[in-house]
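Q: I am new to this structure and would like to learn how its features are read. Could we go through them one at a time, beginning with the sheet?

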Amino acid sequence: MVDIPGPTLDDDTAAYLRRHGIRSVCLFRKNVESEAQLAALCADLRAEMGEHALIALDHEGGAILRPTFWPFAPGAMSLGAAGDEALTADVNAALARQLRRVGINWNFAPVLDVNVNPANPVIGERAFGADVELVTRMGRVALTGHDRAGVAACVKHFPGHGDTSLDSHLALPRVDKPRNELEAGEFAPFRDLLPVTPAVMTAHIIYPALDPTRPATLSRAVLTGLLREAWAYDGVIVTDSMGMKAIDDHYGRGEAGVMALQAGADQVMALGRREAQEATLDAIQTALDSGTLDATQMQASVRRLETLAARYPAQADDTLDPQADAALLEAAWARGLSAYRDPVAPPPGSRVLLVAQAKVPRENVSEASVDAQTLADDLRGVYDVQLHAFEDPAELDWAALRAHGLPVILATTARHRHAALRGVRPDLHLALYNPYAALDVNAPALVTYGFQPEARRAALRWLSGDLVATGTLPFPA
């Protein structure tokens, strides 16, 4: 699997796909401009790659959504907070319908990580919660929703990224737990849902209880010994991006690609610059020619990938209308809205001081958050807003902010928690991105689990007194 440079399939890229027999592409924001453009790109990709084409996207909901022209679905933790299995199935079916509309047939979702580490820098609200049973229950219906809408799901990040303090995009994490704890915790949702799982994405994490030296993506003990043999899984195993620093900083691209296939992966995600992709392709071809890679094992991998593509063909369905799901997704965001420490909104029409980060850029897998000015404009539908936009929360002078004599509303809109906000005391905290920020700020909080327009509208309804926050924080507080 590779990525491509832009929003169209140019002649050079088409020739490259054809020359190497590539039949799988992962799309990103750089490949997305409009619905019509995306449908045309997918049609061109399928024409080039053939009937067994696999066209994939990270379309989780929440902050992990590349297209901006469809209604935004809530992320996993919002659905975990709502706790409604039927709602989770319906939202995931809506996500899948959006993709089928344009011919994308593989969604890298749902996340089955059990987010037991509040300091986790990369999972957080992407998980359904911190409870194994909740993650398993919601993961099961998320898979059902995808299947009924005709798009292949892919659970991730096996065997579990929920108890790490490092981001594998940037470093190589370790999970130092005994096997029995892993079996009861991280492993459980993956293991229990394998019978209804079309595909599994691997994690670039070392689990010493299984393999003391190699990350799961490169470990035969994990992918073959555990997943294939002990758990008898015969679906597709795909690696996470081999361009992430957890792999790229420790192994050569070509070497790592071969190691992943030897470990038991069916497909290597060779993303990034063309030379890195070609290094992977060349190394795999050399390993095939020399017999380093087992031909029978590789033929089994091709069979699995072709079976997946046949079950979920990359055919656009223009009878589907993503806008028809707008009301469902709007209501779903509202259902997840959660109150922490009994927050009370200032009376509508009053003057308030909004403290928010001026700009929040995109980071790795997540898209850019809402900026302070947009948030102030939103709140002006309820209040007379004075905005204090900051660049760095460490520079905030809370005594001076208090001296304004206004109710202070702090909005946290960043993926990461900020040490500078620990213990600060606004009158009300709007946790609009990382829900664990509610644990840092010493104030009652409204938790939305996301910053998308639908999430902000739910928050405005609560501020106006038109909506009660009925969600339950799906982690210990």
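A: Strands of a sheet pair through backbone hydrogen bonds, and the pairing is either parallel or antiparallel. In this predicted model, four strands form an open sheet in the order 1-2-3-4, with parallel pairing. Strand 1 (24-27) and strand 4 (152-153) are the edge strands, each pairing on one side only.

Q: How many bridges join strand 1 to strand 2, and which residue is the bridge partner of S24?

A: Strand 1 and strand 2 (residues 54-57) run parallel and are joined by four bridges; S24 has L54 in strand 2 as its bridge partner.

Q: How should I read the packing of helix 4 and helix 5?

A: Two packed helices are described by the angle between their axes and the distance between the axes. Here the axes of helix 4 (residues 85-102) and helix 5 (residues 132-149) come within 7 Å and cross at roughly 40°, and the crossing is right-handed. Residues making the contact include E85, T88 and A89 of helix 4, together with R137, M138 and V141 of helix 5.

Q: Is helix 10 mostly covered or mostly exposed, and what do its buried residues pack against?

A: A residue counts as buried when its relative accessible area is under 20%, and nine of the 11 residues of helix 10 (residues 253-263) are buried, which leaves the helix mostly covered. Among these buried residues are R253, G254 and L261, and the buried residues pack against elements including helix 8 (220-230), strand 7 (236-241) and helix 12 (295-311). Helix 10 is followed by G264, which has a positive phi, near 130°.

Definitions and conventions
Residues are numbered from 1 along each chain as its sequence is written. This is a predicted model: local features need pLDDT of at least 70, side-chain atom pairs count only at pLDDT 80 or more; totals for chains, interfaces and linings use all residues. Side-chain values use heavy atoms; hydrogens and water are left out. Two strands pair if DSSP finds at least two bridges between them. Helices (H or I, at least four residues) and strands (E, at least two) are DSSP runs, numbered from the N terminus. Buried means under 20% relative accessible area, exposed over 50%, partly exposed in between (1.4 Å probe, protein chains only). Contact means heavy atoms within 4.5 Å. Axes are lines fitted to C-alpha atoms, for helices over the stretch in contact, and angles run from 0 to 180 degrees between N-to-C directions. A crossing is left-handed if the near helix is turned anticlockwise from the far one by less than a right angle, and right-handed if clockwise.
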